[in-house]
Amino acid sequence: MRASLIAGLAGVLLVTGLAAPAQARPAVELGGVLPAPAQVRPHGPGFRLGERTVIEAPRAAGVVADRLAEALRPATGFRLPIVARAGRGTPAISLLLTRPGDGLDGEGYRLSVRPGGVAIRAASNAGLFAGVQTLRQLLPAPIDATTPQHAAWTVPGGDIEDRPRYAYRGAMLDLARHFHTPDEVKAYIDEISRFKVNYLHLHLSDDQGWRIQIDSWPRLTEIGGAPGTGVDGVGGGFLTKAEYRDLVRYAADRFVTVVPEIDMPGHVNAAQVAYPELTCDGQAPPPRTDTAVGYSSLCIGKEVTYRFTEDVIRELAALTPGPYLHIGGDEAHATSDADYLAFQARVLPLVAKYGKTAYGWNEIAQSPAAATAVAQYWNLGTENAVLAAAVARGTKVIMSPADRAYLDQKYDPSTPLGLSWAGYIEVRTAYDWDPGSYLSGVPAEAVLGVEAPLWSETLRSGDDIEFMAFPRLAAIAELGWSTTRDWESFRSRLGAYGPRWTTRGVGFYPSPQIPWAA
Ligand code: TNX
């Protein structure tokens, strides 16, 4: 038990005030994790990650073991072989799938750190993966370096027991206003999954462009995904079905479920440029790369509208292993109220026809057909009578209030990127609200979770995405995962997290509200 001797010795040296070998004691506190775990009991000496450490996992947890190995090998330079059973006395990080009824379910996990090894127990791979994300944050920031650091790192001793508050913890990327490449989307998945975010909503169509291949309507991407279809004519592009499937798989390997969105009946100018029969007069509108909203509408009285929507929903559903398909529904200012209801009465049920749960922006709550749908609350304020009435009929809610959760809003007046129609959103504003009691008339049981949308009118590069998403995404992720909310604790854990982003080259916004560690 070499590790325990060293850890014990480090403890003695600390107590006696002698200079402890800096590397041998844990650099992180057991509870110093984002999002905050449910229960943390520090005790005893920790576990020293070393040359002889193995990753022990049953074959059924192979995907999680692979993620753990990928996370720890580069900076340690250790082999960290994945084995089915660690030999006696071999220091191991063990992933253990428990049987249902062992007190762990869903995404819950238990993490125990002893000198002889680390054990993560969960009833599902999603739970093991959540535990792995916690473990990564229990090692110091240089663990995220891409080359060997030649340092010895100790995981603090004790136990964590943890489970999510909400089943839905989402982030959204807008690929329509500016296209983001598959590699940029993957990098975002890597970052958000560290915070146990488990849904990625992709906004795939809007007035400017159309970003997902649809075989039955090929001009959508031939024209709507062409160069010059980004805001101000910058950029363009789209995902082929093969690229999209690859993204869905990449996300699933990180326990993130992709939610595709096609926005209708408004936000459809790009589709109408490609297929003029989708307008009422059959005339192609001019392509638009400005940022106005609310001027386009599908033609509600034409049958071709429903052939189009059904084809798109069918092809998207076939690409989607997850439960949700998002049909937009926001800002349909060019659609009359009667037409909007007529459209939703036909289109919301189409999502169910193809085996998915319909999901849309909160405007869909006007439709009686939304009783079995999920509505994403994005408006300002804490009252929405239409949504509250729909909730009474069965509609479930995901919370993205624009003045709290919108990652495209500026932090303050000097933020060089972003919009400010919903206000300025500093980190504390993003953090200090309760998704379960925010909307009057929407009881906690109706809330499935939270999502942080990132609209991309002003965002072009991966750097732009990082600057707006981080650190606020960590705040929304904590609201989604943790049951307690404590600003002082959050800001100190966030400050300690900063060097991890720095190590990875993630250009986050260094909010003055946060005591950033050097
Ligand atoms: C409103 S939020 C929109 C989007 C814009 C966003 C910019 C919502 C459902 N619609 O079309 O991109 O504001 O912040």
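This short talk covers a barrel and the helices packed on its strands.

The model is predicted: local features need pLDDT of at least 70, side-chain atom pairs count only at pLDDT 80 or more, and totals for chains, interfaces and linings use all residues. Residues are numbered from 1 along each chain as its sequence is written, and side-chain values use heavy atoms, without hydrogens or water.

Start with the barrel. It is closed, has 8 strands, and runs S10-S11-S12-S13-S14-S15-S16-S17 with parallel pairing. The twist averages 30° from one strand to the next. Helices (H or I, at least four residues) and strands (E, at least two) are DSSP runs, numbered from the N terminus. Pairing takes at least two DSSP bridges between two strands. Axes are lines fitted to C-alpha atoms, for helices over the stretch in contact, and angles run from 0 to 180 degrees between N-to-C directions.

Take one pair. S15 (residues 374-377) and S16 (residues 396-399) are parallel, over 4 bridges. Ala375 stands opposite Val397 in S16.

Now the helices. H14 (residues 472-481) packs on the sheet and touches S10 (168-174) and S17 (447-454). Contact means heavy atoms within 4.5 Å. The direction of H14 makes about 175° with that of S17. H8 (residues 303-318) lies across S12 (257-264) and S13 (324-328), at about 170° to S12.

How do the axes of H8 and H9 cross? They come within 10 Å and cross at roughly 25°, with H9 spanning residues 337-353. So H8 is roughly parallel to H9; angles under 35 degrees count as roughly parallel, over 145 as roughly antiparallel, 65 to 115 as roughly perpendicular and the rest as oblique.

Who meets whom? Residues of H8, including Tyr306 and Ile313, meet residues of H9, among them Phe343 and Leu350.
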